[in-house]
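Let's take a friendly tour of a protein together. Please look at its sequence and its 3D structure, and keep both in view as you read.

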Amino acid sequence: MLPYDAVAPLKTKTLKTKATAPWKNEPIRALKRECRRAERKWRKTKLTVHREIFKEQQTRYSHAIKKARTLHFSNLILQNKNDPRVLFKTIDSLTKRDSQRSSIAASDAVCESFADHFRSKINAIRSTLLIQKGVAFNESIALYLSEETLESFVLVDAVGLGQVFSQLKPTTCLLDPIPTSLLKTFYDFFEFELLNIVNYSLQTGVFPAAFKTAVVRPLLKKSNLDPNNYNNYRPVSNLPFLSKMIEKTVLIQFNEFLIRNNIFEKYQSGFRTNHSTETALVKIVNDIRCNLDCQKLSVLVLLDLSAAFDTVDHSILLNRLRGLGISGTVLKWFYSYLTDRSFYVSMDTCSSRVFDISCGVHQGSILGPLLFNLYMLPLGDVIRRHGVCFHSYADDTQLYIAVSPDDEESVNTLLKCILDIESWMAENFLQLNQDKTEVLVIGSEDKREVVLSKLKNYKTSQCVRNLGVIFDSELNFIPQIKNITKTGFYHLKNISRVRPFLSLASTEVLMHAFITSRLDYCNALLSGLPRTRIANLQLLQNSAARVLTRTRGREHIRPVLRSLHWLPVQFRIDFKVLLLVYKCFYGLGPSYLSDMILKYEPLRTLRSSDTGLLVIPKVRTKTYGEASFSFYGPRLWNSLPESLRAAETVHVFKGRLKTYLFNLAFS
């Protein structure tokens, strides 16, 4: 054997098998076999009649496989129309682009390295902050103490648990004993046991130890970042489904207590009902436009925190909860929920060891965002001491003030405020990343230079990305519109390449997911802009309609948009603004937006007294004053028919409003 091994040694060869297309079923294979038989017969006889039979079989096979492929992808898109990840993956596979970007190969050693990196990063931040801690803020607990206290939870019944169960997404964790989809299917069989688990936890104030371990998956922050750099990854926790069910039950009762006692920070829009990134930005843009209308500059500071959720100190958080009136079994439950937690990193089938966690709240949890908002609660008073305007969305906090070019006091006040914020954050184990904190001065170019000279120690820019929207130094939103147009046409090109494989309904789902969603995101900020400025957005919508309906470029687009029931871009902007006004008018919107609109109340009784009109404030300029939400919204609202303003519910208002705007656009 030895001589043969020397001449022809054994080698391992990996055979690559080509995956069978999922739409190639048995009828398709049978048609292919018939086509092959017809081809062999024609090549053997060379008769014209056999050639015609072969061509006919080829046509039948081509039509069948095209129909099967269209049906497969159409069903896949329609079934996952609310899952962007599946839609992106489907488009990638259809366009045959390499969706598997270069990434780190999974192994136990890599998982250990990720775990060490995440732990060392948090430890380094906390060690640095311990050295920096010096200025202590007198945060009086009585300042946040509510008149009501929350000492115990109310036990849930089968109906309440069923509602909680139906609201949770069917995601499965590696620690789940059975797939969540299977648990949801046979929920009735497990209802009694699940009810006992939840109520026992609420009654005893003990969070089950089996649910305290998190599976952390490293998630690349942006697709264009280097996958070999661990700093470019975000640790996202995946928790057991039953853990989320208990958390959701607690969240409902805890949230009701916080709302009832008006504990939430007014200018915190993260993870709150009727609040969003759009409502936050509408408030900020309105204030900046009002400043510009008064011929003042605005200085906008976007604060950046390093691993904010992961450095939350449990002792400080529990003291914060105690100061809010949380006591008894409820406080005991939160202590049990926060302490003795652990995690391990998982990638594919590989994993690291299990490590203990002594700080932080999980980003993938139900309660994590709410607890972080409460942890940040005193920050609002720190900022208010300086008279600086601010707004927060979770860990994204921004400051802004109105300044005059010759007003040094306002800029100095802002700088002192930032120093106090940094000191408060150090006291609370939060690190302000000054290198990534951005400053934008908004106003005319000649006046901006004077203010910029006083902010040399900070990173100043001509454009900044604020909660997904690009702000520019003149607040004309031209960079934002260009970005939407560029990204939209990129996705539209990919959709047009796969349009022959898709049905009309599935293509429309893709259009809403990739195009319409971008046109509608925070489009209330574009109110009052000239039509020429939003012309490119309308061009994008027109192109999407042509691809969807396969309409030629020389044909008029208005009948196409009308047939699709798509509102033009300008009317979509007005629709969003009016929807916000309706919610504010009837007490369904954020209080900071509701404060901007005033109901019209004449000095004496008139026929217009109870018609739901709003006061339109006086402004100076059309570019900024008339574009502000406080002016543009009431003016649009007053132009609506009285029956539309008096709609009973949001759903009814949206239906009537679309019909009204649709008639305006296409009549």
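## How confident is the model?

What you see here is a predicted model. The mean pLDDT of the protein is 88, and 94% of its residues reach 70 or more. Over residues 98–102, however, the pLDDT is below 50, and this stretch has three contacts in the model beyond near neighbours in sequence.

Another stretch to read with care is residues 135–143, where pLDDT also stays under 50. For these residues the model has 14 contacts beyond four places in sequence.

## The domains

The domain assignment divides the protein into domain 1 (22–76), domain 2 (108–269 + 308–373), domain 3 (284–305 + 379–472), domain 4 (478–566) and domain 5 (571–666). Notice that domain 2 and domain 3 are each written as two pieces of the chain.

Now pick out domain 1 and domain 4: their C-alpha centres lie 37 Å apart. Five residues from domain 1 and five residues from domain 4 take part in the contact.

## A crossing pair of helices

Next, find helix α6 (residues 158–167) and helix α8 (residues 187–204). Their axes are 10 Å apart and the helices pack at an angle of about 105°. Angles of 65 to 115 degrees count as roughly perpendicular, so α6 is roughly perpendicular to α8.

Which residues of α6 and α8 make the contact? From α6 come Ala-158, Leu-161, Gly-162 and Phe-165, while α8 supplies Tyr-187, Glu-191, Leu-194, Leu-195 and Val-198. Sorted by class, the contact has seven nonpolar residues, one polar and one charged.

## A pair running side by side

Helix α17 (residues 478–498) and helix α19 (residues 535–549) give you another pair to look at. Their axes come within 9 Å and cross at roughly 10°. Angles under 35 degrees count as roughly parallel, and α17 and α19 are therefore roughly parallel to each other.

On the α17 side, the residues in contact include Ile-481, Ile-484, Phe-489 and Leu-492. Among those on the α19 side are Leu-537, Leu-539, Leu-540 and Val-547. The contact of α17 with α19 has nine nonpolar residues, five polar and no charged.

Key
Residues numbered from 1 in each chain as written. Predicted model: local features only at pLDDT ≥ 70, side-chain atom pairs only at ≥ 80, totals over all residues. Heavy atoms only, no water. pLDDT = per-residue confidence, 0-100. Contact = heavy atoms within 4.5 Å. Axes fitted to C-alpha atoms, helices over the stretch in contact; angles between N-to-C directions. Helix = DSSP H or I, 4+ residues; strand = E, 2+ residues; numbered from the N terminus. Parallel < 35°, antiparallel > 145°, perpendicular 65-115°, else oblique. Nonpolar A, V, L, I, M, F, W, Y, C, P; charged D, E, K, R; others polar. Domains from an automatic or database assignment.
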